[in-house]
Amino acid sequence: VQLVESGGGLVQAGGSLKLSCAASGTIFSIAFMAWYRQVPGRQRELVASQHGVGRTNYAEHVKGRFTISRDYAKNTVYLQMNSLKPEDTAVYYCNADVAESLWTRAANHWGQGTQVTVSS
């Protein structure tokens, strides 16, 4: 299973970006997909997650600005980021629990990360 992120880049404060993460490979089900972010010298932190259908969770500092969504048919998760701030600058990582068959337990996977830079 591979998770491939896209959509990062450079944006001015107040602007928007939409990240995408597509899962590929042998996939039976994906119960959990999430976005994390990390800046140098700090721990990776959860930004937003989606469990099952419609159950979402957001970090306090992105509530009202970021929206996580999934396209179940495409095994893809998105992160719409609005009203971006310089402190949102980080490498954003996709994370997912993927089961490869009905009889195997889900395994956790990470994407390679995509850089988001917000200029002031």
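Modeller: Ser 83 lies in the loop between E8 and E9, where strands (E, at least two residues) are DSSP runs numbered from the N terminus. Residues are numbered from 1 along each chain as its sequence is written. The model is predicted, so local features need pLDDT of at least 70, side-chain atom pairs count only at pLDDT 80 or more, and totals for chains, interfaces and linings use all residues, while side-chain values use heavy atoms, without hydrogens and water.

Biologist: Why is Ser 83 called partly exposed?

Modeller: Buried means under 20% relative accessible area, exposed over 50%, and partly exposed in between (1.4 Å probe, protein chains only). Ser 83 has 41% and is therefore partly exposed.

Biologist: Why does Asn 75 count as partly exposed?

Modeller: Its relative accessible area is 23%, so Asn 75 is given that label. Asn 75 sits in the loop between strand E7 (66-71) and strand E8 (76-81), and its phi is positive, near 50°.

Biologist: Why is Trp 103 counted as exposed?

Modeller: The relative accessibility of Trp 103 is 74%, and therefore Trp 103 is exposed. Trp 103 belongs to the loop between strand E9 (90-99) and strand E10 (107-110).

Biologist: How do you know that E2 and E11 pair?

Modeller: Pairing requires that DSSP finds at least two bridges between two strands. Strand E2 (residues 9-12) and E11 have four, in the parallel sense, and Leu 10 has Thr 117 in E11 as its bridge partner.
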